[in-house]
Structures are given as C-alpha cells and as structure tokens.
Amino acid sequence: MTSRLSRLALIGATVALGASTFAACGANEATTDSGSGSDSASGATIALLLPESKTTRYEAFDKPLFEAAVADLCSDCTVDYYNADQDESKQQQQLTTALNAGASVIVLDPVNGAGATGMVSEAQGQDVPVIAYDRFIEGADYYMSFDNETVGKMQAEALVDAMGGSGDILMLNGAPSDPNAAQFKAGAHSVLDSTSGVTILEEYDNPDWSPENAQQWTTDQLSKYDPSEVAGVYAANDGQAGGVVAAFTGSGVARDALPPITGQDAEIAAIQRILAGEQAMTIYKPIPIEAETAAEIAVDLATGADVPDTTDTGVDQSTYNDVASFIFTPIAVTQDNVADTIIADGFYSASDICTGDYAAACEAAGIS
C-alpha cells in the first residue's frame, strides 16, 4: 500500500478531481479502479454510499480518496458510488440497488444514522458486511469517524477564547438526523453551559446543514437582536459559517467587525475567511486517514482477509457502542497554524488558498 505521506502529497491533484466530480453530485456511478494493489485481487464490488453534496468534502475528498485507496489495495476490485442528496428514502433505494448489483461490502455514511439500522439488517441478511463511515449506525460491522464530542468541545472552547470569556451567542447545530451533529452539539454545550458569562440567545438545528438555511435563520435573529449584541456565533460547520457571514454582512456589518464564528471541515473558503479575519477557526479532520482506513477494511472484508488490530494508516481498533471501531483525532485550525496543518499536510497548497483578495491576508500570515 502506498504510504499515507505519499498520498497526502497527491492531495492537490485530488482536490482538482473533486472539483470536477462535485459538478456531477447526486449521480449514481459505478467506477472500476485499477492500481498497484494486492496480488490476490478478488474482483469484488464495494459500494460507497455518501449522504449529501452540500458539504463539499464528500465529492471533493471522501469519494476520490476512497476510490484511489481501493485501487491501490485491490487492482481487481470495483467501487460503486452513490450519493443520496440528503434523501433518506433515496439512500435506502441505493442500498438495495447496490446489493442487487452484487456488492460484497457496503461502506455507508447514512443520511439518518438512527434510521439506518434497517439498511444494515438488509445488507447483513444477504451476508454483506456494513462499515458505518463517519456516522455511527447501531449494529454495523465496523465504524470509523473522528472524536465528535471533542470536535464540539474544541469549537466551543475556541469561541469562548475568541470572545474573551463571555458574551451572548447564536448557536447553529447540524441536522437532527445526523448522529454526529448530536455529538458536536453535546460537546459544545458541555463547554458553553459551564462557562459563566456565556448566554445562548437563540439555537437552531439546521435540518440539512445548508448554508442557505443558516443565512436565513441568522438574518431572522438579526432582526430581533442588534448585531452588536451578538458577541459570537457557534456554527457547527464551515458551510453554515459562510451563511452566518453572509447574514451579518447583509445586515450591514463590516467584514472587519464580524463577531468570532466557528466552523468545521476545513473548506478552502473557510481557510480563506480565517486568514482574512472573518471566521475564528475551523476543525480540520484529515479525511485521507478516514477514507484510506475505510478502504483498507473494506478490501479486507471483500477479499476474506483478517481485519487488523492496527491498520496500515496507524489507527488502533477499539469499540464504540459495541461496534468495532477506528476513531481519529481532529485538529483545531486558526490563523496561527494554517501553515503547520492544512498546508503542511498537503490538504491545500498556498496557491490554492492565496488567490485574489486573499493574497494580502496570506502574506500577513507569512504564507506564500
């Protein structure tokens, strides 16, 4: 298997691939990958089912990285790809389609984690194992994700620090159907609710994580509260953070007068906003290790190999809610460590980030 560091050096090319793939979001695709992988290629089909495309990571990173890793490990394996576009019933149909097409392993990032147990049962009823990818599903054979409560805690701690320890905030959480969103929310509340001087003015669970909903909801709050009353905004991901910025600037707040705003996913637009002082932080979850670990376990299952206690990506197997799991560590990113994290890992290059109006912000941050 190609080393993780070697793959990270190729991420720039993957981003370009992801950008072109993103234009085709929502399509069902069957992709046959070939590569340098195992000599004992199985000819197996692995189905990758992702939940939506409004969050750019899925089409731009998870899909191409997973496909590339499978190709590297198993030259005769096929990846069938499906995107549910945040439609739970559509994802159920896609699972049935994948099984009927002969998938021997299902890698499933569910639209609704709590509602996906029936999908797991359907697959396992046909002796097809299920890897719960990024979002937990009870009864899955394996689960892999980042430490999600820690994500929420890191976001809230950064927000409180950026506000100077106190103030009134708005809080935008993720979709109630997403089990990760509940964990982010719980982690954030554990910090915010225990911090004297921090008051949550209003709170919103965004049903589809969309930036448009985040912008409209924030605009509605700014019609009730003067923008100067809002000392900070907890936004559970970068897409929502972008909607929050649009709402504030649309209400007449200058970009250099925005309150601290959190985020997650390290989207390139968020990194640019962070460097420009328009967003306080984001959470960087190195997607390569998640996608590559999922590919490794999927190929092991497809080819009948033993699933290792420690993967080639260096992650130890553990147990989460009675499911064998691989849990990864998130990283908080601010202006101070963009170069040491996002850029150093090859997730984005300086030339990706430092475009147009953001060139001066990069120079001020010592990024060139």
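Is Asp312 buried or exposed? At 56% relative accessibility, Asp312 counts as exposed, where exposed means over 50% relative accessible area, buried under 20% and partly exposed in between (1.4 Å probe, protein chains only). Asp312 belongs to the loop that runs between helix H11 (287-303) and strand E11 (318-320); helices (H or I, at least four residues) and strands (E, at least two) are DSSP runs, numbered from the N terminus.

The model is predicted, so local features need pLDDT of at least 70 and side-chain atom pairs count only at pLDDT 80 or more, while totals for chains, interfaces and linings use all residues. Residues are numbered from 1 along each chain as its sequence is written, and side-chain values use heavy atoms, with hydrogens and water left out.

Turning to the chain as a whole, it holds 14 helices and 13 strands. Of its 368 residues, 55% are buried. Among contacts (heavy atoms within 4.5 Å) with a separation of 6 or more, 74% are between residues 24 or more positions apart. Beyond its neighbours within four places, Asp168 is in contact with Thr199, Leu201, Glu229, Val230, Ala231 and Gly232. Gly232 is 64 residues from Asp168 in sequence, yet their C-alpha atoms are 6.8 Å apart. Asp168 is partly exposed, because its relative accessible area is 28%.

Helix H10 (residues 268-275) is largely enclosed by the rest of the structure, because 6 of its 8 residues are buried. These are Ala270, Ile271, Gln272, Arg273, Ile274 and Leu275. Their cover includes helix H9 (238-250), strand E10 (282-284), strand E13 (331-333), helix H12 (339-343), helix H13 (350-353) and helix H14 (359-364). Just after H10, Gly277 takes a positive phi of about 80°.

The search for disulfides (cysteine sulfur atoms within 2.5 Å) finds 2 in the whole structure. Cys74 and Cys77 form one of them, with sulfur atoms 2.1 Å apart, and both cysteines are buried. The torsion about their S-S bond is about 75°, so this disulfide is right-handed. Cys354 and Cys362 form a disulfide with sulfur atoms 2.1 Å apart, and its torsion of -95° makes the link left-handed. Cys362 counts as buried at 1% relative accessibility.

Aromatic rings complete the picture. Rings of Phe, Tyr and Trp (its six-membered ring) pair if their centres lie within 6.5 Å, and planes under 30 degrees apart count as stacked, over 60 as edge-to-face and the rest as tilted. By this rule there are 10 aromatic pairs. Phe61 and Phe347 are stacked, because their ring centres are 4.5 Å apart and their planes at 10°. Phe61 lies in helix H3 (residues 57-73) and Phe347 in the loop between H12 and H13, so the pair ties together parts that are 286 residues apart in sequence. Phe61 is buried at 4% relative accessible area, and Phe347 is buried at 1%. Phe136 and Tyr320 form an edge-to-face pair, at 5.1 Å centre to centre and 75° between the planes. Ring pairs also link Phe61, Tyr284, Phe347 and Tyr348 into a cluster.
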